[in-house]
Amino acid sequence: MRVFRLAAALAVTMAGAAGAATLHEGTGADAFSGDWKNPTVVAAGIDTISGSWNGQNDYDMLSFTSLKKGAQTVTLSFSPMKPIGDTDWSFSAGGSLYYKTSAPQYSAWEGTQFESVNIQHWNRTKDFTYSLNLGDDFGGVLYLSLYGTHGSLNYNISVPGNALSLPEPQPAPVPLPAGAALLPGGLAALAVLRRRKKR
C-alpha cells in the first residue's frame, strides 16, 4: 500500500494547535493511487486533502483507517482548474464518488455511490459541494473512490474526524497557603490537650 505520512515528500501543511494537517496530491509517483487494491492511505492527523482529476479516467482511491468512530460528516468540493469563460461552451468535467467502510475485495466499483459531479458551461456557477454523512454506527474505517471520468477539476476534501485529538489541558496545581503546612500539627496539639482534660 502507498502510505502518505506527514514526513512524505508531498507538501503537508501543519495546522498546529488543532492537531491537523493538509495533504496535497503530488505528480507522477506522488499522485494519489488509482489502484483499488492499493489505495493511498491517509495518516491520522490529516483532516484536509487537495487533489485533482486530470483528463479522462483519473481515479483517486483513498483509505482512512484512523477516523474517529461515530457520526460525522466528510465534505468534498470540486471546482474547475481555471475559470470557465462565457464562451467556453464545450466545457465538461466530472465523475462519480463512492464510499465503502471495508476494503474493496473484487473490483474498483465496489461501494455505494453517493454523488455524481458534472460541471458544464451552463451550470458553472453552481456550488459543487457534497457531503457524506456517516452515522452513529460508523466504525472508523472509510474508503473513498473518486472516479474522474472526463475533464479536469480540482477537489478538496474535509475530514474533521481524522484530526488528531489533543490531550485535555490539565489544571495547574493550586499552591497551599503557608499556614496550611502547620494545620496537621495544630490538630495534633488539640487532640493532645483534649486527652489531658479527660484525665
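1. Basis of the note. This is a predicted model, in which local features need pLDDT of at least 70 and side-chain atom pairs count only at pLDDT 80 or more, while totals for chains, interfaces and linings use all residues. Residues are numbered from 1 along each chain as its sequence is written, and side-chain values use heavy atoms, with hydrogens and water left out.

2. Confidence. The average pLDDT (the predictor's confidence in each residue, from 0 to 100) is 84 for the chain, and 73% of the residues score at least 70. Residues 1-17 have a pLDDT below 50, yet in the model this stretch makes 46 contacts (heavy atoms within 4.5 Å) beyond near neighbours in sequence. Where pLDDT is low, the predicted coordinates should not be read in detail.

3. Ser 52. This residue belongs to strand E5, residues 46-54 (strands, E, are DSSP runs of at least two residues, numbered from the N terminus). Ser 52 is buried at a relative accessible area of 13% (buried is under 20%, exposed over 50%, partly exposed in between, with a 1.4 Å probe and protein chains only). Leaving aside neighbours within four places in sequence, Ser 52 is in contact with residues including Glu 25, Asp 58, Met 81 and Tyr 155.

4. Asn 57. In the loop between E5 and strand E6 (58-64), Asn 57 has a positive phi of about 55° although it is not a glycine. Its relative accessible area of 43% makes Asn 57 partly exposed.

5. Salt bridges. There are two salt bridges (a side-chain nitrogen of Lys or Arg within 4 Å of a carboxyl oxygen of Asp or Glu). One joins the side chains of Asp 86 and Arg 124 at 3.1 Å, N to O. Asp 86 lies in the loop between strands E7 (72-80) and E8 (92-100), and Arg 124 in the loop between strands E9 (112-120) and E10 (129-134), so the pair ties together parts that are 38 residues apart in sequence. Asp 86 is exposed at 56% relative accessible area, whereas Arg 124 is partly exposed at 28%.

6. Glu 110 and Lys 100. The side chains of these residues meet in a salt bridge of 3.7 Å, N to O. Both Glu 110 and Lys 100 are buried.

Terms used. Helices (H or I, at least four residues) and strands (E, at least two) are DSSP runs, numbered from the N terminus.
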